[in-house]
Amino acid sequence: MGKKRSREEGKDAPPPDDGIDRMDEDGSDEEDFDLVNVEFEWFNFDPKIDFHGIKSLLRQLFDVDASLFNISALADLILSQPTIGSTVKVDGKETDAYAMLTALNTFVHRDTDPMKDILKYLVEKAQTNPSLAVVSELIKAGKHIGLVFSERLINIPPEIGPPLYSMLIDEVEAAVEDKEPYEFSHYLILSKTYQEVESTLNMEGRKKKKVKEEASTFFFHPEDEVLHKHAIAHGSYSYSKEEDSVADSKRAFQEAGIKPTGHMILIEASKFPSAVKAITDYLQPQ
């Protein structure tokens, strides 16, 4: 298991359980699957290495609405604070990240172009869902909100999530001690959910399985459902570029596609550590 170097040289961040170093290798039709050991490594952000990898993860996080933002400028902003947040890699520091998590201060960066665009977008989206009304109010009030960007490649085990959040808490605490601007009132986590939708593919010769009119919401990140229990607000919103998304290209099941939606989770800073402990307990490797 790899370890991430902390802000203080010589001090290692505690590694998560070794149980997450396993990924299924689906290479046959047999009932028994072979397991391949994968060593995940945690690193601080490095502007010389991580620009393209972070851009790719941000595009995945914002889905079809990524085109509304200057993702390059956002990646640069994230990389400008290398001691806050982490990347997860497999083949050493010089490779692209498989996962990332960090937090930006919405008030401190409010005058930068990428943050101005994102805050305007979040206010507009929060106003489309009554459950997210408080998000719009806090942003307009100029609160110091920790805007959390958390994303990982599909098929990366969710167990890597809790260590990322735990390291963020430790790094923010160290930054506050150093009088850096990370004393947040709230954390606003950007995420994604999805619903199953009926496929429009040619189903001739087969009986279609109708998707329920009131589709259930599913989570790309299973920890989000746990975070809801500690949140003062959470909810989904439709993408502005929703018409550009083709559900059949994102089919999760044989007879259904998926419709991704944006998602926000707002947690008071004082309750954030207990929320992280809850997802750690929930995703504890067996």
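Leaving aside its neighbours within four places in sequence, with which residues is Leu58 in contact? The legends below take up this point and others.

**Figure 1. Overview of the predicted model.** This is a predicted model in which local features need pLDDT of at least 70 and side-chain atom pairs count only at pLDDT 80 or more, while totals for chains, interfaces and linings use all residues. Residues are numbered from 1 along each chain as its sequence is written, and side-chain values use heavy atoms, with hydrogens and water left out. The protein contains seven helices and ten strands (DSSP runs numbered from the N terminus; helices are H or I with at least four residues, strands E with at least two). Of the 286 residues, 47% are buried (buried means under 20% relative accessible area, exposed over 50% and partly exposed in between, with a 1.4 Å probe and protein chains only). Among contacts (heavy atoms within 4.5 Å) with a separation of 6 or more, 76% join residues 24 or more positions apart.

**Figure 2. Surroundings of Leu58 and the nonpolar cores.** Apart from neighbours within four places in sequence, Leu58 is in contact with Ile71, Leu74, Ala75, Ile78, Met100 and Phe149. Leu58 is also among the residues with the most contacts inside the largest nonpolar core, together with Phe62, Ile78, Leu122, Phe149 and Met264. A nonpolar core is a set of buried Ala, Val, Leu, Ile, Met, Phe, Trp, Tyr and Cys residues joined through side-chain atoms within 4.5 Å. The largest core has 40 residues, and helix H3 (residues 113-126) supplies its largest share, seven residues. A second, separate core of 33 residues includes Val38, Val90, Met167 and Ile267. In soluble globular proteins, nonpolar side chains tend to be buried together.

**Figure 3. Strand E6 and its partner E5.** Strand E6 (residues 145-152) is mostly covered, with eight of its eight residues buried. Ile145, Leu147, Phe149 and Glu151 point one way from E6, whereas Gly146, Val148, Ser150 and Arg152 point the other way. Strand E5 (residues 99-105) pairs with E6 in the antiparallel sense over seven bridges; two strands pair if DSSP finds at least two bridges between them. Leu104 stands opposite Leu147 in E6.

Figure 4. Helix H5 (residues 161-177) has 17 residues and reaches 25 Å from its first C-alpha to its last, close to the 24 Å expected at 1.5 Å a residue (the expected span is 1.5 Å times one less than the number of residues). Its buried residues include Leu164, Tyr165, Met167, Leu168 and Ile169. Lys179, in the loop between H5 and E7, has a positive phi of about 65 degrees although it is not a glycine. Lys179 counts as exposed because its relative accessibility is 75%.

**Figure 5. The largest pocket and Asn155.** The largest pocket has a volume of about 430 Å³ and is lined by 21 residues, of which Leu153, Ile154, Asn155, Phe220 and His221 lie nearest its centre. On a 1 Å grid over the protein atoms alone, where a 1.4 Å probe fits, a pocket is an open set of points with protein on both sides within 12 Å along at least five of seven lines, and lining residues have an atom within 4 Å of a point. Grid points are joined across faces, edges and corners, and the volume is the space filled by probe spheres set on them. Helix H1 (51-62), E6, strand E7 (186-198) and strand E10 (256-268) each give two or more residues to the lining. The largest share, three residues, comes from E7. Asn155 is found in the loop between E6 and H5 and has a positive phi of about 80 degrees although it is not a glycine. At 68% relative accessibility, Asn155 counts as exposed.
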